[in-house]
Every structure is written in C-alpha cells, then in structure tokens.
Amino acid sequence: MVRESKDSSFSIICEGLAVGYSGKPLCNGFDLEINNGDYICIVGENGAGKSTLIKTLVGLIPAISGKVLLRGDIDKSDIGYLPQQREMQKDFPASVWEVVLSGCLDRLGFKPFYGHKERKLAADAIRELDLEDIKNESFRELSGGQRQRVLLARAIAGSKKVLVLDEPITGLDPVAAAHLYQLLNRLNQNGTTIITISHDISKALSAANKLLIMSDKPHLASEAERKEVLDV
Ligand SMILES: Nc1ncnc2c1ncn2[C@@H]1O[C@H](COP(=O)(O)OP(=O)(O)OP(=O)(O)O)[C@@H](O)[C@H]1O
C-alpha cells in the first residue's frame, strides 16, 4: 500500500512499477515514494535499468506495469531532466542563452513566444550557474564541463522543484565533477528534490539521503547496504 506523506507538499510515487522496453520488464514491480527535499541516488550494475527507470519517471517511456503518480503540489512540467551526455546533440547550433531559455518550452503552454517570465527564469538560471560570461557563446564550442553546466541551467530554468539527472558527471574532469556535486548540494539545500544516477557512488552518497538499488527487485538501501556500497 502506498503511504501518504504528511510532511511533504508533494510526492512522486511509484506504485507496483515495472520498467522496460517492448513489453519486457527489466525488474519486478516495486513501490517507492520520493518526497520533496529528497536527494536520491540510483545505483546498480550496467544494464540494470537505471536510465530506463529515470526515463519512465519523467514520462519519456511508458511503464510496463504499475504507475508513477504525482501527488500534491506538483505536475509533469515541474520535473527538469538532464539526459546522459551521449544522448544529446553536442553540435546543437544555438547560443548558451538560447539553450537555457529552451528549458522553459514546457511552460509556454499555448503561448507562441517566450515572455518576460521565461526570460527571467533563464536569466536567473544563468546567474545561478555562473554562465553570464559565456551566455552569448555557441553551445557546440564549449567544453564538456561547461556544456553540462549549461544543460543543468536549462533544466533549472524549466523547474527548480525536481531535477532528474542521468549520470551528470560523465565526461567531466574531477574538478568539474566536484563543482557539479557542490552545485547539486546547494540546490538540494535550497529545496530542489534531486534524483540522480551516478557511478561515482561515494561522492553521490555523501549528499544523497536515499539510495535506490536498481536490480530485479528495486528497493531503498538499508543502512547496512549503504555501508556495503560505500566500502566497495
Ligand atoms: N531503447 C531501447 N530499446 C530496447 N532496449 C533498450 C533500450 N534502451 C536500453 N535498452 C536495454 O535495456 C537495458 C537497461 O538499459 P539502461 O540503459 O536502463 O541500463 P543502466 O542501468 O542505465 O545501464 P548503464 O549503467 O550501463 O548506463 C539494457 O539491456 C539495454 O540494452
């Protein structure tokens, strides 16, 4: 049975959720509740279905069975998504500003153009991620670390409620990766709910309050499992 959280103003609830492709599940149905303020790190072996779960959570692919419910003060447009670097177009012919602004597309509804509100959200995200100096530069000419920051700004412009990040440090050098973790911590401390996949488990875990182990039976790690993962 799904528990209603009284402390949070919203929850993302997986109810008997099984994810996969072409009707074939990668896992058994499982229950999970994500509350606002959570920082969840998804871990598991290669091919376990971590990215598939994330894509199902953000609504890019349908669940095989069960469902994802949004409860409380949240809707689909409140969930910002950062795909894996290898899945996005690196030679996108747009400026940093245009890429960040495009994060507000979902907010436009039936409006044909970006308005003052969307421009302000994009400008705030650019400031927050320290991108003002490069905001007129071409996205395709940036380094991997800069690109990742721009894409994070894009996701934040779309929503600061929930950020779903698929291996956000892929391709980043250790310094850029450390900056990214600091930034995610700051966002989380300021109220953004974060759901991330990371292979750098010890770093991700130092910030995450919940660890979701993706396997045949996806579940939140016990304290003992958490310690075990950290010791590996
Ligand atoms: N579009 C797709 N159609 C069919 N099968 C897919 C598709 N994308 C991924 N798969 C398969 O689903 C399984 C899970 O893939 P997924 O990318 O979710 O795993 P992962 O845990 O994120 O792996 P990794 O740690 O290597 O990134 C893999 O066997 C993969 O080959």
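Trainee: Is Glu167 buried or exposed?
Mentor: Glu167 is buried, as its relative accessible area is 12%. Here buried means under 20% relative accessible area, exposed means over 50%, and partly exposed lies in between, with a 1.4 Å probe and only the protein chains counted. Please keep in mind that this is a predicted model, in which local features need pLDDT of at least 70, side-chain atom pairs count only at pLDDT 80 or more, and totals for chains, interfaces and linings use all residues. Residues are numbered from 1 along each chain as its sequence is written, and side-chain values use heavy atoms, without hydrogens and water.

Trainee: Where is Glu167 found?
Mentor: Glu167 sits in the loop between strand E8 (162–166) and H5. Helices (H or I, at least four residues) and strands (E, at least two) are DSSP runs, numbered from the N terminus. The phi of Glu167 is near 45°, a positive value in a residue other than glycine.

Trainee: And Asp130, what is its phi near?
Mentor: Its phi is near 60°, again a positive value in a residue other than glycine. Asp130 belongs to the loop between H3 and H4, and at 61% relative accessibility it counts as exposed.

Trainee: Which residues does Lys135 contact, apart from its close neighbours in sequence?
Mentor: Once neighbours within four places in sequence are set aside, Lys135 is in contact with Ser95, Val96, Trp97 and Ile126. Contact means heavy atoms within 4.5 Å. Lys135 is in the loop between helix H3 (116–128) and helix H4 (144–158), and it counts as partly exposed, at 33% relative accessibility.

Trainee: What about the ligand; which residues are closest to it?
Mentor: The closest are Gly47, Gly49, Lys50, Ser51 and Thr52, within a shell of 14 residues. By class, the shell has three nonpolar, seven polar and four charged residues. In this scheme Ala, Val, Leu, Ile, Met, Phe, Trp, Tyr, Cys and Pro count as nonpolar, Asp, Glu, Lys and Arg as charged, and the others, Gly among them, as polar.

Trainee: Which polar atoms lie by the oxygen atoms of the ligand?
Mentor: An oxygen atom of the ligand is 2.5 Å from an N or O atom in the side chain of Thr52. For the side chain of Asn46, the corresponding distance from a ligand oxygen to an N or O atom is 3.0 Å. With Gly47 a polar backbone atom takes part, at 2.9 Å from an oxygen of the ligand. A polar contact is a pair of N or O atoms within 3.5 Å; within protein, one must be able to donate a hydrogen and the other to accept it, and residues adjacent in sequence count only if both atoms are side-chain atoms.

Trainee: How much of the ligand does the protein cover?
Mentor: The protein covers 57% of the 640 Å² of accessible area that the ligand has on its own. Accessible areas come from the Shrake-Rupley method with a 1.4 Å probe; for residues, only the protein chains shown count as cover.

Trainee: Which element gives the largest share of the shell?
Mentor: Helix H1 (residues 50–57) does, with three residues. Eight of the eight residues of H1 are buried, so this helix is largely enclosed by the rest of the structure. Just after H1, Gly59 takes a positive phi of about 85°.

Trainee: Changing topic, how many disulfides does the structure hold?
Mentor: The structure holds zero disulfides. A disulfide is a covalent bond between the sulfur atoms of two cysteines. The cut-off used is a pair of cysteine sulfur atoms within 2.5 Å. Because the sulfur of Cys14 is 9.6 Å from the closest cysteine sulfur, in Cys27, the two are too far apart for a bond. Cys14 is buried, with a relative accessible area of 0%, and Cys104 also counts as buried, at 0%.

Trainee: Last one: which backbone oxygen lies 2.8 Å from a polar side-chain atom of Thr192?
Mentor: That is the backbone oxygen of Lys160. Thr192 is placed in the loop between helix H5 (174–189) and strand E9 (193–197), and at 2% relative accessibility it counts as buried. Beyond four places in sequence, the contacts of Thr192 include Asp38, Val162 and Leu187.

Conventions: A residue is near a molecule or strand if one of its heavy atoms lies within 4 Å of it.
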